[in-house]
Amino acid sequence: MAVRRFSRVIGVGSAVTAMALALVGAVGPQTPAPRAVEVATAVSVVQLGDSYSAGNGAGEYYGPSGCYRSSRSWGQQYVDWLNGRGHHATFVNRACSGGVLADLTQPLDAGDVRQVMVARPDAADEAAAERLAKQDPVCSGRVGSDQRLDVTVTGSTGSSWVLTCTVSMRPQIEAVDATTDLVLLTIGGNDLNFNEIVMQCFVMGTRDPGSCRKHVDEADAGLGDLSSDITDMLDELRQRMRPDARVVLLSYPYLSTAEPYILKSLWGRPWFSNDSYDTATAVRALGDAGDAAQRRAVEAANAAAGTEFVTFVDTVKEHFVGHEPNPSPYSRNPDRWVMEVESLILAENYHPNLRGHTEEARLLRDVAAVPGRDVRAGAAGLDLVFVVDTTVSMDPYVAQVREFVLGMAAQLGEVSSSHRFALVSFADDPAWTGVAGSYASRVDVPFTTDTEALRTALEALVPISGGHDGPESVLSGLEEAISLPWRDGVKKVVIPISDNSGRDPEQTSGLTRQAIIDHALAVDPAEIYPVAVGGSSLSVFLADVAAQTGGLASVAGGDLAGTLTRTITDAMDKPFAWVQGPWVAQVGATLRLDARGSYAPGGQLVSYEWDVDGDGTVDYVTTDPMIEHTYETLFDGYATVRVTDQAARSSMGSTLVTITRDGDTIPDDVDNCPDLANPGQEDADNDGIGDACDPDPYPAPPEGGPIVFGPDQQEQYATASIDGHVFTDANGDGTWGADEPAVTGAEVHLTGTDAFGDAVDLTASSAPDGSWELAGLLPGTYDLHVPGATLTPGDLSEPAEGSHPGIVSGDRITGIVLPQIGATATGYLAAHAPMQQPVGAAPTSTAPTGATAITADDLGSGLALTGPAIAAIAALTFLALASGTTLLIRRRRASW
C-alpha cells in the first residue's frame, strides 16, 4: 500500500557482511517454463536485433530516434512475466528498427551531427575545449548509454573554439557480458532487404510484381551467407557470456495470409509490357526458407560450442496462422496480429501489433531457457572507478591507492570477470592556476578487467606540481568518470579520493554538484563514495552528492586501505536497485514504475521510497515494488527509488522519464508533426509534414510508371471492350442498310489471351436491336467468332500504338489487339444471309429504325413475313421487351 508523504530523501545503508562474489549456474535450455520460485533468482535479460525485437507496432516508444524501442515489446512482456513469477529480472533493450547483423558488432552512424562553440581560455588546450563541449546540452543532450559521443575541434575564432559533436550507436553486443543471463533477439530480415520486400510486394503506390520478384530472388540467394553470418554472430555472443548463459532467437511471422495474391502490372500507354507475380505465396515461401537458414545457423553455433546455448523459437508462423496481414490494400484481416498498411507511422506497418507482441512473449514461456543466479550469492556485477587527486600534496597517498587498487583488482579478478575497473585522475585546471603541465581531469585507464593495464597506469600516476591553491577540479574528475561507458544492470561505484575540496561552480568547466548528481542518476545511477584523506573537507563538499546518488562519504583518517575496503564492501553488501525504463509519454499519462528487478543479497527488501519527479523529495513509500503515477505536467528528468533491506542497507535506482505535449522527445519547434507522437520523424514524400499527420504521406508515383493492381482491383482496370451488331444482310453487300433487320439472340464468341497470358473465353448474345458487347477486358489479343456470319472489322475508338482491328477469315476475325486499359473496339458487324438461321438465335428479333421487321425463325423456316406472322412477331417482341430481356454474357475465365 502506498503512503504519500513529502520529506527529504536521507540515509544510506552500511554493510555488515563480507563481499559475496560467486555466481550460481543457469537453468539449461531444455528446462520447462519456470514455476514460482522459492529462492529468489536474479535474471539479467538483454534484447538485441532489429525492429521485430525493438518493439515496432507495440507503441509507447523510447530511446534513440528511429529505433522504436517499446515498453510493451515481446521481450519486455516476457520479463514482466518472469518478475511476476518471483524472479528479479532486469531488461535492457538495445535492438533498433532497421538493425542488421553488422549493427550488433560494429558502430552505427546515427546521422546525428551537432555543432557548438565554447570559450577558449587556453588557446592551446583543445582537450579542455572538447571536455567543455561534452558538458554543453546541445552537444551531449539525450545521448544515451548505448550511444557514443565524439567531439572534435573543427575551427576557432579569437575567443572561442568551434566543435563538432557526432553521435553514433555503439555496437549492440556491448550490452552483453558476463553478467548477462539471457539474450533475446530477432535478426536477419533487414540483411535480406525486408523493407524493400514489403514496399515492393505489398504497399500500394510502391508495389510492383517485377521488383517484388527481384527482391525475393535476391533474398533467397542470400540465405546461405546469412546463415553463416548468424552463426558467427552467435559465436561472438558466446565469447562474451558466461558458459551457463543462454540466447533465444525468435523467428519471424508470415507477412501474408495463405491465399495467393497475384500482383499484375502494365507498362506504358499504349501497353507494351506486362508482368504478374504471386506475391503472397512467394513471400511466405521466403519466410519458410529464412526459418530453415536460421535453424541451420543455430545448429552450427550449438555444435561449435558443444552445448545448446541457443534456442531457436521457430513456432511463430504456426502460432500466427489466421492472424497474418491481408496483402490486399482494400481488405483487412480482422484477426490480424501483424499490422497491415494501417499506421501513418510507416515503420509500424508489417510488424506485430500489441496483440502480436503479447503472443510472441507467450511463446517464450514454454520454450525459452530461464537462467538465473541465486541473489544470496551477490548476483550483480560491479563497475568501479577510482578518481584520484594527483596534485603534489597527494604524494603520500598515491602510493597507498596504487597498492590497494592492484590488490583489490587481483582479488576480484580471480573470482569473476563481471567486475571492471577504471582509473581517472584530476588535478587543477591550468587555465585557472597557470601551472604548466597540470590538467583538469583525464581517463588513465578506461573500464578493463586487465590487471596489468591497471598496474601500468597506476605506476605512471605521479603527483604533479600545483594543488596548494586550495580546492581542486574534483567535479571535472567525477564528470570524466560518469562519462565512461558503463554497463547496464550492474552496480556502478565511483570513489573520488582527495586531500582537498572542490569548487561549485567549478572554474572553467562551470560544473556544479547538482550537475554531477543529475549526470550520475542518468547512468542508473553511478553511486558516489567520496573518501577524504589528510583531514580534508571532501566528504563534506560531496556529502549531498553521495546521498543523492546512493553512496556514502567517508574520512580515511590514517587507514586509507581499510577505508577503501569498507567502502567497496559496503557497496557490494547493499541491495541492488533497479527501476525499469526509460519512459516517454504524453502529459496526462499514467506510468507503472516497476522496481521488481531490485533485490537484497543479504535478506529481503522491506521498503521502496519513490521520488517520481526528481526533486529530491520522497513522493511515495511502499512495501510493493510497483507504483502507478500520473504525470500531469511536462517533465524531463529521473524517477528514482531507494530500496532498503531488513538491515537498513539501501541503494538507489533511477530511470529517465520524459513527459511531453505530444508523447515524443522531439522539440516542438523542429517536430514535423508537433501534435502527434512520431519519434522517427519519417517524411516519405519530403514535404516537411511528418507521415503521422500527413493526409497524403506517400510520394506520388512517377509519371509514365506502370499500372499495378491485384486481383481485387481487376474490375477497376479490366475496362476494355469490343462491341458490334448482328443483322440480316438482305442485299448481300456486307453493310447494314436502314431497311435490313437486326438479329436477336445470335451468339458471339470471344477467345484469346490478355496481357498476362491468361486465357479469355467469353460469349455474348445479341440484344433485340442486334447489339452485343463483350466488356471487362484487359489489354490483350483476341479472336471474334459469330458462327455462320460474314464479319466486318470495327474501329478502335481512340486508336493507339499497337492497336489492330483484326484480320477477317470467314465467320471469324483474328488478332484483334486492344493495346491499353480502357481501349474500346466498336462497330464490328456480323451479317447473316436472308433465310439463314443463326446458331443459338432466339425466335424473335427487332429491326433497326426504318428496317422491315423479321424474325430469326422466319430466317430459318422460309415463312413469308406477312399477315398473321408479322402480328405474332410483334407480340412476341413486345413481351420480350416488357419482361426485361437484356444482354447475356457468360464469362469463362481462368481463376486468379
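## Model and confidence

pLDDT is the confidence that the predictor assigns to each residue, on a scale from 0 to 100. In this predicted model the chain has an average pLDDT of 84, and 85% of the residues score at least 70. Residues are numbered from 1 along each chain as its sequence is written. Local features need pLDDT of at least 70, side-chain atom pairs count only at pLDDT 80 or more, totals for chains, interfaces and linings use all residues, and side-chain values use heavy atoms, with hydrogens and water left out.

Over residues 1-38 pLDDT stays under 50; the model has 117 contacts (heavy atoms within 4.5 Å) beyond four places in sequence for them. Residues 842-896 also stay under 50, with 106 such contacts. Where pLDDT is low, the predicted coordinates should not be read in detail.

## Overall architecture

The chain contains 22 helices and 40 strands, taken as DSSP runs numbered from the N terminus (helices H or I, at least four residues; strands E, at least two). Of its 896 residues, 55% are buried, that is, under 20% relative accessible area with a 1.4 Å probe, protein chains only. Among contacts with a separation of 6 or more, 72% join residues 24 or more positions apart.

## Packing of α7 and α9

Helix α7 (residues 209-221) packs against helix α9 (residues 279-305) at an angle of about 15°, and their axes, lines fitted to C-alpha atoms over the stretch in contact, lie 10 Å apart. The two helices are therefore roughly parallel, a term for angles under 35 degrees. Cys212, Val216, Ala219 and Asp220 of α7 make the contact with Thr279, Ala282, Val283, Leu286 and Ala289 of α9.

Terms used:
Buried < 20%, exposed > 50% of the residue type's maximum accessible area, 1.4 Å probe, protein only. Axes fitted to C-alpha atoms, helices over the stretch in contact; angles between N-to-C directions. Parallel < 35°, antiparallel > 145°, perpendicular 65-115°, else oblique.
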